[in-house]
Amino acid sequence: MRPPSKTNADLKKEVAELTKKIHRLEKTESAYRLTEARLRESEARYRTIIETLQDGYIEVDLSGTFTFINDVICGHLGYTREELIGRNISKIQDDVNAKKTRDIFTQIYKTKTPVKSFELECIRKDGSKRIYELSAALTGDAEGNPVGFRSISRDITERKAMEDALRESENRLRMIVENMYDSIWTMDLNLQYTYLSPSEVRTSGYTAEEALAIPIDQSITPESWTMAQRVFAEEIEREFGSGPADPNRKRILEMELYHKNGGTFWQETTASFIRDENGRATGIMFVGRDITARKKAEQDLQTARDHLLQAEKLSAIGQLSAGVAHEILNPLNIISLELQILREMDALPKEAAEELDICMAQIDRIVAIADGLKHLSRVSDRKMDTVNINSVIAQIMTLHTSQFMIDQIETDVQYGDNLPDMVMDRKKIEQVILNLISNARGAMAGKEKKILRIATRWDPHRRQVQVMVADTGDGIKSEHLSKIFNPFFTTKEQGKGTGLGLSISYGIIKDHGGDIWAENNEEGGASFFFSLPAESAANHHHHAHTGRTS
């Protein structure tokens, strides 16, 4: 049977539905075309961005085969785009870097997490190698399935070369600094340490870590610290004051610092400001050189000059003194004889006798001075004996024990071990010791604390015996230290000293080939030292003993 024919109404209905479908398809096609245009526009913009990047950009599939590169990559590697597309990244790497690349891609694939800032080495077309810093991430399709990797890279070959050169330079400079004898340290403007070279241990005995823990004012003697503070204040005022200042200026200081062994050492320090890129002072750099030996040599040289000058003075005065003593004593003998005759006269008034006694006392004083002048001129003969200095001092102390008790002077005598017997003029050395003891007694007169210290010791390096006589008096003024051995120089009251005792002692010690000097001690008094060389020391040694009396 034939199907019933459609009515006109049915046909119109179908036509209307077909028209709607056509309109929908037209809208869909239009939307598709719009989307496609937008996609092309977005892709073009994306490609433009990629091509204008200063950094390289690549895309590879999951196997590492190039699917896209920008022009920067071509410039980096020396290949054309056609030569690289379809080529595996491992073909432009050595085995080590190819494995590193696979490991990173595997990590990204498994964790879905980008890896930032890693370094790889690639081989250019000409065979040279370049170093790149990369960041990589996973790429996916429309459904989000992984399809490959994208990476941005930057050529850091020159930077790495500079870093290596800088590192090599730093290592070389560090080796120089750590092995140089000079100390180098830096401080901020608050005088806090910021660096101290390891060479510090060779100068101060402290390691850099130990030295950094010691406050600066406790590592320098008070005198040097005061001087350093003054110089620092001057430089800060000059640097930040209103006037112009030379930015390259340096200050050189000689400072005495404490050594780990308890002593001190001298250092010549050159100080200069550390500046930032704008030339502003941000800290201070110090370079210190140990000059202890030089200072010692300078001191020894000055001492030798002083001794030479003293010897020349004594020689000149000695020649004069011999004649003066002779010329004085001749008429003095006549005057003394005449006064003695007058003193023996009968019925001499008492007042006249007293005046004559005063005259005779003054004559005795003149005789003593003349006798001193004769000693000063060394006109007397020497009588040399082999004796031990300890026995000389012990005998003197025994004879003067009662006098020390009367003067309420406590004595502390320390006899050195194994002092050799020496050839000396015993009487003259006794005279030196007695003179030093007499001076010590006078210096302590009126003092509540009176201690006479005598010590002997053997110096094996200089092969000499050293004797010290110290008191607890008022010490010696600094301006007098260089004059006390000068003839006729005295700090005693008028009539209480001739000023010849120490000069004569100086001459005696020098005549024995030794040295004599004075210092102020920690107890406020003076310490006198003299040394005698052991050139003629006997073969046997004297056993030490210690004595203390009061």
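**View 1. Cavities inside the predicted model.** The count comes to 3 cavities of 30 Å³ or more in this predicted chain. A cavity here is a set of points, on a 1 Å grid over the protein atoms alone, where a 1.4 Å probe fits but cannot get out. Points are joined across faces, edges and corners, and a volume is the space filled by probe spheres set on them. Residues are numbered from 1 along each chain as its sequence is written. Because this is a predicted model, local features need pLDDT of at least 70 and side-chain atom pairs count only at pLDDT 80 or more, while totals for chains, interfaces and linings use all residues; side-chain values use heavy atoms, with hydrogens and water left out.

**View 2. The largest cavity.** About 330 Å³ of space lies here. Of its 22 lining residues (those with an atom within 4 Å of a point), A228, F232, A271, I284 and F286 are the closest to the centre. Helix α9 (222-240) and strands β6 (183-188), β8 (251-258), β9 (264-275) and β10 (281-290) each supply at least two lining residues; α9 gives the most, with 6. Helices (H or I, at least four residues) and strands (E, at least two) are DSSP runs, numbered from the N terminus. By class, the lining has 16 nonpolar, 2 polar and 4 charged residues. Ala, Val, Leu, Ile, Met, Phe, Trp, Tyr, Cys and Pro count as nonpolar, Asp, Glu, Lys and Arg as charged, and the others, Gly among them, as polar.

**View 3. The second largest cavity.** This one has a volume of about 140 Å³. I58, I73, C122, L134 and S153 lie nearest its centre, out of 16 lining residues. Two or more lining residues come from each of β1 (56-61), α2 (71-77), β3 (115-123), β4 (129-140) and β5 (146-155).

**View 4. Helix α14.** Spanning residues 426-443, α14 has 18 residues and reaches 26 Å from its first C-alpha to its last. That is close to the 26 Å expected at 1.5 Å a residue, taking 1.5 Å times one less than the number of residues. Its buried residues are K428, I429, E430, V432, I433, N435, L436, I437, N439 and A440, where buried means under 20% relative accessible area (1.4 Å probe, protein chains only).

**View 5. Stepping back to the chain.** The protein chain has 15 helices and 20 strands, and buried residues make up 34% of its 550 residues.

Conventions: 1 Å grid on protein atoms, 1.4 Å probe; cavity = no way out; pocket = protein on both sides within 12 Å on 5 of 7 lines; lining within 4 Å. Buried < 20%, exposed > 50% of the residue type's maximum accessible area, 1.4 Å probe, protein only.
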